[in-house]
Amino acid sequence: MPAGSHAQDRRVTSSSLGDLGPGLARLTLASYAWLRPLGEIGCPPIRVPRLTRRVVLFAAFSLFGSSMAFANELDDAEKLFRTGRYEECARAAIEATRRGGRDERWYALRIETNRVRGKNKEALIAADEALQRFPWSVAIHWLGHQVFRENGREDDALTELAAIETLVRRMPNRYGGAESRLVLGRYLLFRGADAKKVLEQFYDVAKKQEPDLVDVYLATAELALSKQDFALAADTLQKAPKEAAEQPGFHYLLASAFSNDDRARSEKAIAEALKINPNHIDSLLLQADHQIDGERYAEAEKTLQRVFAINSQEPRAWAYRAVLAHLQNNSKGEVEARTSALTRWMKNPEVDHIIGRELSAKYRFTEGAAAQRRALEIDPEFLPAKVQLCDDLLRLGNEEEGWKLADEIFANDGYNVVAYNLITLRDRLAGFRTLQAEGILLRMDPREADLYGQRALALLQRARKTLGEKYGVTFTEPVIVEIFPQRKEFAVRTFGLPGAEGFLGVCFGRVVTVNSPASQGESPSNWEAVVWHEFCHAVTLNKSRNKMPRWLSEGISVYEEEQENRSWAESMNPKFREMLLGKELTPLSKLSAAFLAPKSAVHLQFAYYESGLAVDFLIQRFGLPALKETLDDLGEGKPLNEVLPSRTKTSLDQLDRDFVEFAHKRAASVAFELTWEEPELPVDADSKAITAWLASHPKSFPGLRRLAARLVAEQKWTEAKEVLEKLKRLYPEYVGSENAYMLLANVARRTSDAAAEHQALDDLTARAGDASPAFLRLMELDEAAGNWQGVASNAERLLAVNPLIPAPHRQLAKASEHLGQRSEAIAAYRALAILDDSDPAEVHYHLAKLLREDGKTTEARREVLKSLEEAPRFRDAHQLLLELVDTSKPSETTESPKPSRGN
Ligand SMILES: [Zn+2]
């Protein structure tokens, strides 16, 4: 893998044809059978510089076939290159070429060993010699093109492209082999040809010609990666022949394919690559990239040092160093690093592209977008910068420009996966409904908007006021919130790609995306808690100008959920308790890393939990003002690990120690009288067996819980209750499966103790805001007791979890009617009319009655007619219709039938 191979998507735009005749695009001569498809490949004509410095010679003889001795030496030299022994390889290549090595690959090696080490002069000399010696080699011309480009010799680089075109045009049969096809494929992609066609007509054909040629798989994966088609890249590499595993480039591409979705796997592949070749620059750079993601800046710097030891001028390494300087608020260092990156090749768009991409990964979208614009100023056709800029703009809420760019990318590059997904999504979003309130722009699927749009809007307004005031943030532009019924759409809007399981919502600053309950299956989370959490991100990101580490942002959002509603907080389950007290507790100063490459889903959940605890610790110990000042300092670009000690007047080490103590204390305060041994009993052990086991483990939580569940199953209510009361007393925080509350409610229900059942369910719902079955049962109990206030409040609580089922709307409608809350009742019946088709006549009748009471006669009449349509003999409805006809006056109101909850 040659270094610098990222910058492949580039289009030569000028349409001037120069003196070399028609371009490859026009090559459709019948005799050039294999080249025929080029005409359909959509390759634009090439621009040839006026001054063609190199005269392309056409040799009519073949130089292939070298002596066995040379061949063995060549294999050895290629191995040296592959394993990163660049200097030895260079010596061997120089020696061989001096002896007149007749294989062009010796020259290729000479060029590559110099390129990779940043020895530009030598690389240029080698390229010149190679071009003289092998003027018919498209591989050498392609290498020459890269070397000239990297050294800022743009015109010479273009001459090489033109040479490739001329050669192929004149002697197409010569370049029909697999290896030539790969070179030509890369060349065509660079020229902006249709990627799919290159894939089919070059790479796939090459694969058929030489199924064991590793480079075919690498080239295909490279192409897929450049189009963000990570799945195809991974799939292709997994099908590569076994020998591929000897290539560091193979592992590097695999690492790139998994970089987004599976960090652990990606890291493993990097390690593989570096095991073969510790000097593999692409892999080292990807490693540095991951280290920067994980806020392991010192390690990243060390990795960059390793790159600089190989090539002190590596532009991508300098770009990463500019990123490090930026993140450390060192603007002078940033400028210097960027300048170094561009020394050799001023028009290298990849430098700013990398800088911007990394800043965007740090949520600094404004700075990231600015960097992509710089890249595009240098090279207006540089596709990766366009794709990233499009992403940035959409995340910044700059939608008009963002969507326009998506269109443009898609028009130029139909294979780009992200662009395609975005265009599809935009069409879908066009069908969404927009709800607006001061400072809020909420977009929802129209059906969902009818069901809980106003509720969501009211919640957002409350969040804006409460959290905005608390943190001293005023938004100058509305916050955009989009709620997606489909997980895939959420993922595309959020990450550009489907997948990304496990996210309920994401906030980019001004833009918030949320998964609706519709996408969450049987037991959705409390969406109100999610919206509150995400809006809190919008507040803290605004305050810190998007310059806060992930853990702190998450920690404050988690903390604020609990402040707003205790039932939204995650309870301390036995696993978290164990992790807090054990080795899994991450030091406060390193919490960001806990979010990246977490070992498991539980570890990621724990990272949220621990971050919330850390914020709780900071606020308890140093006060909210200190935290707010910390956010302000971050907004000025100062790194957290400098800001925290200064704002808390406590060293980082001390903070780490104090936090451990705080966390341990918190964990130890929970379930401290219990132990955690698991009963080693068969699954069907009865209560007697469990009781016997408990005699030697009287405090075992798993044992007691199992006994309680078993006693309930055996219908031993009195004994069950006794154990459950004990469990509840010893570990009231536990709301996981088979929790004491749910089981106690069960016992009470079976013993017809409504008051006790209600109490147990109340206790549970105070701690678990998404306990849908408990809310459903509470509504039943309240209705039976005629407690309509209770019915209404539990219906509201269930709507905060799942507004897409009829039950809470039905109960809220009934309760509101009983309580004389007309507008609430109307809204609830309207929702019910959408969701419930079990008794539509009744629903429309109720709506009609309420609307009439509200003075909305026209609407009332419409509803009563709907009711009669469903049930033509519905006597009450006929009566109501008569009354409506009688009382209708000319001054009647004619509001549009929008749902509204007048609160
Ligand atoms: Zn969050």
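## Exercises on a zinc site and some ring pairs

The charged end of lysine 196 sits over the ring of tyrosine 415, 5.0 Å from its centre; that label needs NZ of Lys or CZ of Arg within 6 Å of the ring centre and within 35 degrees of the ring normal. Keep in mind that this is a predicted model, where local features need pLDDT of at least 70 and side-chain atom pairs count only at pLDDT 80 or more, while totals for chains, interfaces and linings use all residues. Residues are numbered from 1 along each chain as its sequence is written, and side-chain values use heavy atoms, with hydrogens and water left out.

**Exercise 1.** Work out which residues coordinate the zinc ion and how they are placed along the chain.

*Solution.* 
- Step 1: look for donors, meaning N, O and S atoms within 2.8 Å of the metal (3.2 Å for Na, K and Ca); water is not among the atoms, so sites may look incomplete.
- Step 2: you'll find His533 (NE2), His537 (NE2) and Glu554 (OE), at 2.0 to 2.1 Å from the zinc ion.
- Step 3: read off the spacing of these donors, H-x3-H-x16-E.
- Step 4: Histidine 533 is in helix α24 (residues 527-543) and glutamate 554 in helix α25 (residues 550-564), so the pair ties together parts 21 residues apart in sequence.
- Step 5: check burial, where buried means under 20% relative accessible area, exposed over 50% and partly exposed in between (1.4 Å probe, protein chains only). Histidine 533 is buried at 7%, and glutamate 554 is buried at 8%.

**Exercise 2.** Classify the ring pair of phenylalanine 595 and tyrosine 608, then that of tyrosine 731 and tyrosine 734.

*Solution.* 
- Step 1: rings of Phe, Tyr and Trp (its six-membered ring) pair if their centres lie within 6.5 Å; planes under 30 degrees apart are stacked, over 60 edge-to-face and the rest tilted. The count by this rule is 26 aromatic pairs.
- Step 2: phenylalanine 595 and tyrosine 608 sit 5.1 Å centre to centre with 80° between the planes, which is edge-to-face. Phenylalanine 595 belongs to helix α27 (residues 591-595) and tyrosine 608 to helix α28 (residues 601-622).
- Step 3: phenylalanine 595 is buried at 4%, whereas tyrosine 608 is partly exposed at 22%.
- Step 4: for tyrosine 731 and tyrosine 734 the centres are 5.6 Å apart and the planes at 45°, so call this pair tilted. Both tyrosines are buried.

Key:
Helices (H or I, at least four residues) and strands (E, at least two) are DSSP runs, numbered from the N terminus.
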